[in-house]
Amino acid sequence: MFLDTMSPEAIVKEARRDTSAILNKRDFFINTHRREILFAKKFPISFQIEWKSPLTHNQWHIIIACNNKKERENPDVYYYSTYETYRGAGIIFPVYNMRTEELVFSRYTGHFFSRYRTRHLVPNNLYTPGMDVIRHYVDHNSSYFYPQTDAEKRFTCCLTDGIALGICEKGLDTFRTFISHDMLFKIQERVLHSSIEHQRLLDDFINDKLPASYQEYNLQGRVGRVAGPEPAPKLSLDDVKDLLKNKPKIPLFSPPCGKIELED
């Protein structure tokens, strides 16, 4: 059974056992609702089946979904298992990685769904008492790309409803928290003002280091010329080396996660 204290390796090992059993029973799960799917008049349509693994005793939620009439003979099947954390329920979610053509596993913490509720559902008047927040998230954000990690194994994943931030630990992608789009825009706005200030400092530094002829040319370019641009004065190699010496570092901003780094 999945526990919050389990290591990533243990979670992946247990999840692989269960997913193999689920894939073997895929046709059985589809046939449970095949009649409803074949005679459905409105699409999309979906059904949820509760299945407890006899191997690990994990509780799995198996969703049979059909988006249109053309998919009635071969509906989509996806599934996730819930587990308890100190911040509420989390899930283990197998994902098919099209790049490697194999199953990979994601863990969503209880904190992630808490932030999803308060930062997306509640502000958009989507939350109702007794609502299954996890099911709503899975239904509206099931299509996402496999997250790419950086050198420190952190990743940013773009979702339909916002942005997920997490970390990859030994083959298990842990989705730690959720950021709404409006929060992202506020982060970008703050960094924009910061970047403008840093650009001003860089301009002052460059102007101080430039030879007199180039300073005059640069000033004319800022004010504007009536007769058209003049040829830029040439800089010697020594001028360039002196110009770049001790140049202040400019912050680099990654829009998806709001991460700020200094350039090399």
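I started with E73, which is exposed at a relative accessible area of 59% (exposed is over 50%, buried under 20%, partly exposed in between, with a 1.4 Å probe and protein chains only). I note that this is a predicted model, where local features need pLDDT of at least 70, side-chain atom pairs count only at pLDDT 80 or more, and totals for chains, interfaces and linings use all residues. Residues are numbered from 1 along each chain as its sequence is written, and side-chain values use heavy atoms, leaving out hydrogens and water.

I then looked up the partner of E73: R34 forms a salt bridge with E73, with the closest N and O atoms 3.8 Å apart (the cut-off is a side-chain nitrogen of Lys or Arg within 4 Å of a carboxyl oxygen of Asp or Glu). R34 is partly exposed at 23% relative accessibility.

I found that the structure holds four salt bridges. Another of them joins E169 and R107 at 3.3 Å, N to O. I see E169 as partly exposed at 27%, while R107 is buried at 9%.

I also checked D139 and R135, whose side chains meet in a salt bridge at 2.8 Å, N to O. R135 counts as buried at 16% relative accessibility, and D139 is partly exposed at 34%.

Last, I turned to D18. I found D18 buried without a salt bridge, and the nearest side chain of opposite charge, R17, is 6.1 Å away (Lys and Arg count as positive, Asp and Glu as negative, and His and the chain ends are not counted).
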